Amino acid sequence: MIGDGAGEIDPEDLDLPLDDTGGDDDEETFTELLAFVEDELSFATSHYNDSYLDRRVSSRMRRTQCDTYEAYFELLRQDPAEQEALLEALSINVTGFFRNPDVWEGIRTVLRRLSGNGPVRVWSAACADGREPYSLAMLAHDDPEIDESSVYVLGTDISQPALETAREGVYEESRTIDLDEQLSFLDDYRRYVDVDGRNYRIADDVRTNVRFQRHDLINDEPKSGFDLVVCRNLFIYIDNAYKRSMLETIARSLRSSGYLVIGKAETIPPNLQSAFAVREARLRIYQRAESSATDQ
Ligand SMILES: C[S@@+](CC[C@H](N)C(=O)[O-])C[C@H]1O[C@@H](n2cnc3c(N)ncnc32)[C@H](O)[C@@H]1O
C-alpha cells in the first residue's frame, strides 16, 4: 500500500505508469498537477522522483477511469475525496517485521559486534508504523550474544499517523498481511508479542527501550552519536538532489565507525561513497569512514 498504513500491497500499486502518448501537453499537465499537489495539498512532490509520482498518479487514474492527465487533474481540482485518495496513494508506508530476512542476519552481526561496549544507540529512520524498530528490539532480546538492556532504539518518521500506530505497538493481521510469517524470523516470537485473535501486541519489555519521534530527513537537523542507523526503502522514492542531503544528515548522526543499513534496492550516490566503507555489499551494510566529506 502504499495505501492504508497497515502494509498491504494493492495489485493496482504494482502497475506501470500509463503510456505517455500525449507528448509535451501531457508533460506540462503532469507538471501542473504536481505543482497543485505541492501548493494546494501540501505534499512535497519535488522531493520524490518523477517515475514514482507517475506510478502513483497513474494508479489513481486507472481507479477513477481517467484516460488523460488533464481529465484526472480536472477531477482532482473538483473532488476533495479524490485529493485525499491521492495523498493516501502518495504516502509510501509499506513495511513489515524483519523485512528481507537475510539483511536481518547482517543486522544481527552488527548488533553483536556493538554489544558489550556500553550503550548501543540505534536509529530506525523512516520507520513507518514501527515494525522495523520493534524488530531491532526483539532481535536484541532474542540473541544471547546481545545485551538487550544496553540497546536503545529510536524510531522516527515524517508521518504522524504512522507514529501513532508505532507508539500503540498493536498490529492487525489481514488477508494480505501475514504477521505470523513476518515474525517467524524468530524461533518463538510469542515471547515478545501477545497474540489475541488477529491482533499482535508488542510486549512491554520489548517496548521499554524503544522511543518514537517525528523527524523529517530532508528538513530537520541531524542527530548525533548513533552506533547504527537503519534507513531502508525510502531513498528509492526520493529525487537524487534530496537523497544526497538525507544521507549527509544520516552520516552526521553516526559516530565515527558507526554502521548504516540502507534498503536492498538502494545505493549510495558516487559523491558520498567516500563517507561510507562497504561492509556487506549485498546486504547494503556500510560503516562510516573515520573522517569523511560530510565532516567539512
Ligand atoms: C516504504 S516506508 C519504509 C519503512 C521501513 N524503513 C521499511 O523498510 O520497512 C518509507 C517511510 O518513509 C517515510 N518518509 C517519507 N519521507 C520522509 C522524510 N522526508 N523523512 C522521514 N521519513 C520520511 C514515510 O512516511 C514512510 O513511512
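A polar contact here is a pair of N or O atoms within 3.5 Å; within protein, one must be able to donate a hydrogen and the other to accept it, and residues adjacent in sequence count only if both atoms are side-chain atoms. This is a predicted model, in which local features need pLDDT of at least 70 and side-chain atom pairs count only at pLDDT 80 or more, while totals for chains, interfaces and linings use all residues. Residues are numbered from 1 along each chain as its sequence is written, and side-chain values use heavy atoms, leaving out hydrogens and water.

Let's start with the ligand. Around the ligand there are 18 residues (a heavy atom within 4 Å), and Ile92, Thr95, Arg99, Asp157 and Asn233 come nearest.

| Side chain | Distance to a ligand oxygen |
|---|---|
| Thr95 | 2.6 Å |
| Arg99 | 2.9 Å |
| Asp157 | 2.7 Å |

Taken alone, the ligand exposes 600 Å² (Shrake-Rupley method, 1.4 Å probe), and the protein buries 97% of that.

Now for the surroundings. The ligand takes up the space of the largest pocket; a pocket is an open set of points on a 1 Å grid over the protein atoms alone, where a 1.4 Å probe fits, with protein on both sides within 12 Å along at least five of seven lines, and its lining residues have an atom within 4 Å of a point. The volume of this pocket is about 1000 Å³. Its lining has 43 residues, with Ser91, Ile92, Asp157, Ile158 and Ser159 nearest the centre.

Technical notes. A molecule sits in a cavity or pocket if more than half of its atoms lie within 2 Å of its grid points. Grid points are joined across faces, edges and corners, and a volume is the space filled by probe spheres set on the points.
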